[in-house]
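Subject: Structure handover

Hi,

Here's the structure I promised to pass along.

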Amino acid sequence: MTLANSIIGVSVLAMPYCFKQCGIVLATLVLILSSILSRLACHFLIKSAVMSRRRNFELLAFHAFGHMGKFLVELFIIGFLVGTCIAFFVVMGDLGPQIVGKVIDKNPEDIRTSLLIATSVFIVLPLGLLRNIDSLSSLCTATIIFYLCLVLKIVTESMQHIFAGDWYEYVYYWRPSGILQCIPIFSMALFCQTQLFEIYETIPNVSLEKMNEVVQGALNICTIVYLCVGFFGYIAFCTQPFTGNILMSFEASLSSEMIKMGFVFSIAFSFPLVIFPCRASLNSLLFRRVYAHEPSVNYLPETRFRCLTIIIVTVSLVTGILIPSIEFVLGLVGSTIGVMICLIFPAIFFISISSKHTNERLLAQVILFIGICIMILSTYANLYALEESTNTKTLISTNKPIQINSLPLNLNKDDINAMANVPNNPEILPNVKGTEKNFFLQNI
């Protein structure tokens, strides 16, 4: 349950959007392939640790590639996990103020900063200061139960179209043109390699087979949740445009507000699962000098433990407050550093440590090739999205006619055709505001 909670994150909100962009059948296949890919990468990572007797990502890198390998892995892990913490704060800043603002009759923008600070001080920081990650198991089980409630809510929203039988003509089944755009989301949605050693340390007398069972169980839970949210969420809102955050498409109701609040708390409870490995890597980078045959020692003095935790939370909080829209930056970090840590490095570790030419070593080479391809395609997709967004803003600012081909990536031609008779729908251009949106619609 703890590992499953570390896997499920903000990616679950984008699953209906990915199913829309790729089609139901293609999205399902890619999601299942991503689950298999993640399970193999975890297997190679743990087997490399068993073969080298290193129960730590950094020491494993040192064993395989020396000081430079350890240094690069530490930098990549810290950058990836701090980026994940920032993404958590951004999503909490999007959902939390809307809910609390309605209760206290305040503008969400006015309370965003204070709410994020209060959440970090009273929830995120105390949980991050826990010494043992297994103490979070009950919270993680409760969080998984919440995700099941989210699935039930989305299934309920889709019942109208399912019983009416009118969704067949609105949905895509196979749409390869959208796969490039969704590769970063699919590839990162099921990765848990950075948290794997934290779980590994908490299981007594653990074997490779036992860890494979734990990983397989966690990935199966997450894959089922993603499939249900993606399929039923797509059907529920197939007649209207929607963005990468499916919660923003729910109609205002008590159950919708409770789901949004539950998601905010689930993110807050997921922070420690990211802080634990980030703190270990930061400590290793700043204070540890590794020598050959050194065992894995993860104990931190109390003062250093608290200071590193406060630094991670503070940097993530301040960045999340100052830069509320960092989708491109996080997407680029995830598609480069994330793929390096979660796919490429586990495969390289196993290839380097295993000297025998076995089928497993050949499979690791295949995983390495796939990881490089995903990194290249994901980086291209993020850069292409930035270019399209920049071109759109330039056309709007210069008052030039906007062509359909110049639309941003999250709005396709079919959306425009479907909305041709509803020019004032606020959902049609979620990233364009005010007079710019009116001008955009007039040109369309």
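Before the helix pairs, one convention: the axes are lines fitted to C-alpha atoms, for helices over the stretch in contact, and angles run from 0 to 180 degrees between N-to-C directions. Also keep in mind that this is a predicted model.

**H5 and H11**

With that in hand, take H5 and H11: their axes come within 11 Å and cross at roughly 155°. Angles over 145 degrees count as roughly antiparallel, so H5 is roughly antiparallel to H11. The crossing of this pair is right-handed. On the H5 side the contact is made by Arg 112, Thr 113, Leu 116, Ile 117, Ser 120, Val 124, Leu 125 and Gly 128, and on the H11 side by Phe 305, Thr 309, Ile 310, Val 313, Leu 317, Gly 320 and Ile 321. Sorted by class, the contact of H5 with H11 has nine nonpolar, five polar and one charged residues.

**H10 and H11**

H11 (residues 302-322) also meets H10 (residues 254-287), and here the axes come within 10 Å and cross at roughly 115°. That makes H10 roughly perpendicular to H11. This crossing is right-handed. From H10 you'll find Ile 275, Cys 278, Arg 279, Leu 282, Asn 283, Leu 286 and Phe 287, which meet Arg 304, Phe 305, Leu 308, Thr 309, Ile 312 and Val 313 in H11. The residues of the contact of H10 with H11 split into nine nonpolar, two polar and two charged.

If you're eyeing the spacing of those contact residues, remember that an α-helix has 3.6 residues a turn, so residues three or four places apart point the same way.

**H4 and H5**

H5 (residues 108-128) has another partner in H4: the axes of H4 and H5 come within 8 Å and cross at roughly 115°. H4 passes H5 in a right-handed crossing. The H4 contributors are Phe 89, Val 90, Met 92, Gly 93, Gly 96, Pro 97, Gln 98, Val 100, Gly 101 and Ile 104, while H5 brings in Pro 108, Ile 111, Arg 112, Leu 115, Leu 116, Thr 119 and Ser 120. By class, the contact of H4 with H5 comes out as ten nonpolar, six polar and one charged.

**Two loop residues to check**

Asp 105 lies in the loop between H4 and H5. Asp 105 has a positive phi of about 60° although it is not a glycine, and at 70% relative accessibility it counts as exposed.

Asn 205 sits in the loop between H8 (193-202) and H9 (208-236). Its phi is positive too, about 50°, and Asn 205 is not a glycine either. With 81% relative accessibility, Asn 205 counts as exposed.

Is Val 73 buried or exposed? Val 73, which is found in H4 (residues 57-104), is buried, with a relative accessible area of 0%. Leaving aside neighbours within four places in sequence, Val 73 is in contact with Phe 57, Ala 61, Ile 341, Phe 345 and Phe 349.

Ser 284 belongs to H10 and is buried, at 3% relative accessible area. Leu 286 and Glu 74 are 212 residues apart in sequence and 9.9 Å apart in space, C-alpha to C-alpha.

**H7**

Eight of the eleven residues of H7 (residues 179-189) are buried, so H7 is largely enclosed by the rest of the structure. The buried ones are Gln 181, Cys 182, Ile 183, Pro 184, Phe 186, Ser 187, Met 188 and Ala 189.

**The chain as a whole**

The protein chain has 15 helices and zero strands. Of its 444 residues, 52% count as buried. Among contacts with a separation of 6 or more, 82% come from residues 24 or more positions apart. The accessible surface is about 20,100 Å², and 64% of that belongs to carbon and sulfur atoms.

Cheers

Notes:
Residues numbered from 1 in each chain as written. Predicted model: local features only at pLDDT ≥ 70, side-chain atom pairs only at ≥ 80, totals over all residues. Heavy atoms only, no water. Helix = DSSP H or I, 4+ residues; strand = E, 2+ residues; numbered from the N terminus. Parallel < 35°, antiparallel > 145°, perpendicular 65-115°, else oblique. Left-handed = near helix turned anticlockwise from the far one by under 90°. Contact = heavy atoms within 4.5 Å. Nonpolar A, V, L, I, M, F, W, Y, C, P; charged D, E, K, R; others polar. Buried < 20%, exposed > 50% of the residue type's maximum accessible area, 1.4 Å probe, protein only. Areas by Shrake-Rupley, 256 points an atom, 1.4 Å probe, with all protein chains shown as cover.
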